[in-house]
Structure formats: C-alpha cells, structure tokens
Amino acid sequence: MEMVQEIGQGSRAGSLRSMAWRLFEARDSAWAQHAFKSAVEDVVRASGAKHVLEVGGGRSPLFSREEIDALQVRYACNDISEAELARAPAYVDKVCFDIAGEVSLVDAYDLIFSTMVFEHVSSGARAYRNVFQLLKPGGVAINFHPVLFSPPFVANLLLPEAVSRKVLRAFFPPQRVDSAPKFPARYSWCYAHRRMERKLKGVGFSDALIVPFYGHVYFRSIPVLRDLDQRLTRWAERRDFRPLASYAVTLVRK
Ligand SMILES: C[S@@+](CC[C@H](N)C(=O)[O-])C[C@H]1O[C@@H](n2cnc3c(N)ncnc32)[C@H](O)[C@@H]1O
C-alpha cells in the first residue's frame with residue numbers, strides 16, 4: 001500500500017494517477033490485463049479526448065464499434081503492417097506507419113494507447129519521441145507492455161527467433177500461435193523502474209508514470225521452473241522490485 005501511495009507524488013503525476021486510478025486496485029498482471037481497457041476508457045472520459053489513436057492495433061483493435069460510439073471519439077488504428085491493417089474492421093481509420101520511424105503528423109491526437117506493441121519497436125526512444133509529436137498539447141498516452149528483466153522476456157530476447165517460436169508453440173495452444181504471426185520482440189525502453197519515468201520526461205513529456213504488475217503464465221507447463229519463478233515474482237512483488245515486474249502500464253502526458 002505504501003508503494004501505491006508513493007506512486008504519483010506531485011500534482012501532475014497525481015493527475016495521471018487519478019485518471020488511471022483503476023490500475024492501482026491490484027498489482028497482479030491478471031488484473032492489469034483485465035482492467036487496461038476500462039482504464040483507457042477512464043482516461044478518455046477524464047481527459048475529454050475526442051481523437052484517439054491505437055498504435056499497433058493491427059487486425060484486432062481494442063475497442064468495438066459500439067464501445068467507440070459510446071465513448072464518442074474518432075478512432076484511428078495504426079500498424080506497421082499493411083497486411084495486419086487490411087484485416088482490421090472498417091469502422092476504424094487505418095493509418096499505416098512505423099511508430100519508431102518517420103512520422104509526419106503533428107499535434108494530431110488527444111489520446112494514444114497500445115497493448116503489447118512497444119516491445120516490438122526498433123527504438124523505444126524514437127517511438128516515444130513520435131508519440132510526443134503526435135499528441136496534442138496536454139494529450140496523454142497509455143501503453144501496456146512487458147517488462148525487462150522478467151525471466152520469460154529475457155529468454156525471448158536472448159533466444160534465437162526460431163527457438164523462441166518453437167518454445168511458444170510447445171507451451172501455448174496451436175490456434176493461438178497460428179492465428180497471428182509472432183512479431184520479433186526487442187524490449188527497447190520496456191522498463192518499469194523510476195529512472196525510466198525520468199527518461200520519458202527527458203523526451204519532453206510534462207508527466208510520466210509507470211505502473212508495474214507482477215506475474216505471468218509463460219512457465220505454467222514447466223513445474224520446477226514455474227514454482228521457482230513464482231517465488232521470485234512474489235518476492236519482487238512484495239518489495240516492488242521493478243526490474244522483475246512482468247508487465248507495466250506506462251502513462252505520459254505532453
Ligand atoms: C503482438 S501484436 C499486438 C496486437 C494488438 N495490439 C493486441 O494486443 O492484440 C503487435 C502489433 O504491433 C504491430 N507493430 C509492431 N511494430 C510496430 C511498429 N514499429 N509500429 C506500429 N505497429 C507495430 C504489429 O504489426 C502487430 O500488429
């Protein structure tokens with residue numbers, strides 16, 4: 001509880017925290033996965049956002065047409081892959097570009113969000129600079145991403161792509177693996193420690209807040225490894241030892 005109160009000290013960080021209040025109800029990754037969508041809706045409502053961009057939404061944007069209608073926002077869906085965007089539903093405005101590449105739009109969106117995308121970008125620094133450029137003044141971005149140095153993600157980073165693909169196929173149901181391609185992960189700027197908040201402010205953001213979450217399911221079929229990893233994760237959670245957080249939600253405000 002102490003840690004939760006500590007997060008978001010200062011009035012500006014406090015306001016990001018108050019917009020994303022739901023995320024602070026638990027520290028378990030399962031909670032984050034459950035609550036993230038509602039947290040984005042909270043931020044849309046609290047910030048009065050009208051023009052929203054999902055980065056890396058690909059074939060499966062987070063929000064349905066009904067949800068977008070209820071939020072009364074214009075919803076653009078980005079991806080680096082034209083093939084992924086081609087499979088996206090027609091109710092989104094499709095915008096194909098690399099969030100870590102050349103970006104020409106300026107001050108375009110009130111809110112930018114992503115789930116499980118920033119671990120794939122070639123440069124986290126470049127991606128956040130582009131997010132800064134794309135946001136209108138006062139705009140907010142909210143990204144859900146895995147965290148280094150959580151063991152499964154370190155393994156994914158170190159193992160050759162062909163090996164990690166095989167491992168994924170061995171431990172997860174085939175339909176989940178086959179239905180969507182596995183995108184190479186680089187984990188650039190996918191950290192949860194406090195220095196990362198300062199680095200984000202160094203990009204120009206007036207405010208940055210990282211909310212860490214603990215626990216993952218990657219070792220669930222490997223009994224000894226699963227038990228050791230669970231102990232380590234629970235230890236990290238009790239101490240809020242952020243290098244071993246599994247996932248995080250990173251919030252920034254322009
Ligand atoms: C793991 S999928 C996640 C898709 C979706 N956000 C979800 O949570 O189901 C990663 C997505 O990010 C896209 N992506 C990867 N690198 C990107 C980049 N640099 N810029 C924009 N999109 C990117 C991929 O094409 C893919 O659609």
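**Salt bridges and a ligand site in a predicted model**

Arg234 is partly exposed, with a relative accessible area of 34%, where buried means under 20%, exposed over 50% and partly exposed in between (1.4 Å probe, protein chains only). This is a predicted model, so to speak of local features takes a pLDDT of at least 70, side-chain atom pairs count only at pLDDT 80 or more, and totals for chains, interfaces and linings use all residues. Residues are numbered from 1 along each chain as its sequence is written, and side-chain values use heavy atoms, with hydrogens and water left out.

Arg234 has a partner: it forms a salt bridge with Glu237, with 2.3 Å between the closest N and O atoms. A salt bridge here is a side-chain nitrogen of Lys or Arg within 4 Å of a carboxyl oxygen of Asp or Glu. Both residues sit in helix α11 (residues 223-239), and because they are three residues apart, about one helical turn separates them. (Helices are DSSP runs of H or I with at least four residues, strands are runs of E with at least two, and both are numbered from the N terminus.) Glu237 is buried, at 18% relative accessibility. Salt bridges with shared partners link Asp28, Arg234 and Glu237 into one network.

Across the whole structure, the search turns up 12 salt bridges. Another of them joins Lys254 and Asp107, at 2.8 Å from N to O. Lys254 lies in the segment after β7 (247-253) and Asp107 in the loop between β3 (93-96) and β4 (109-115), so this pair ties together parts that are 147 residues apart in sequence. Lys254 is buried, at 18% relative accessible area, while Asp107 is partly exposed, at 36%.

Then there's the ligand, which is surrounded by 17 residues; the closest are Gly56, Asp79, Asp98, Ile99 and Thr115. An N or O atom in the side chain of Asp98 is 2.7 Å from a nitrogen atom of the ligand. For a backbone N or O atom of Gly56, the distance to a ligand nitrogen is 2.9 Å. On its own the ligand has 600 Å² of accessible area, and the protein covers 83% of that (Shrake-Rupley method, 1.4 Å probe).

Definitions and conventions. Near = heavy atom within 4 Å. Polar contact = N/O pair within 3.5 Å; in protein donor to acceptor, adjacent residues only side chain to side chain.
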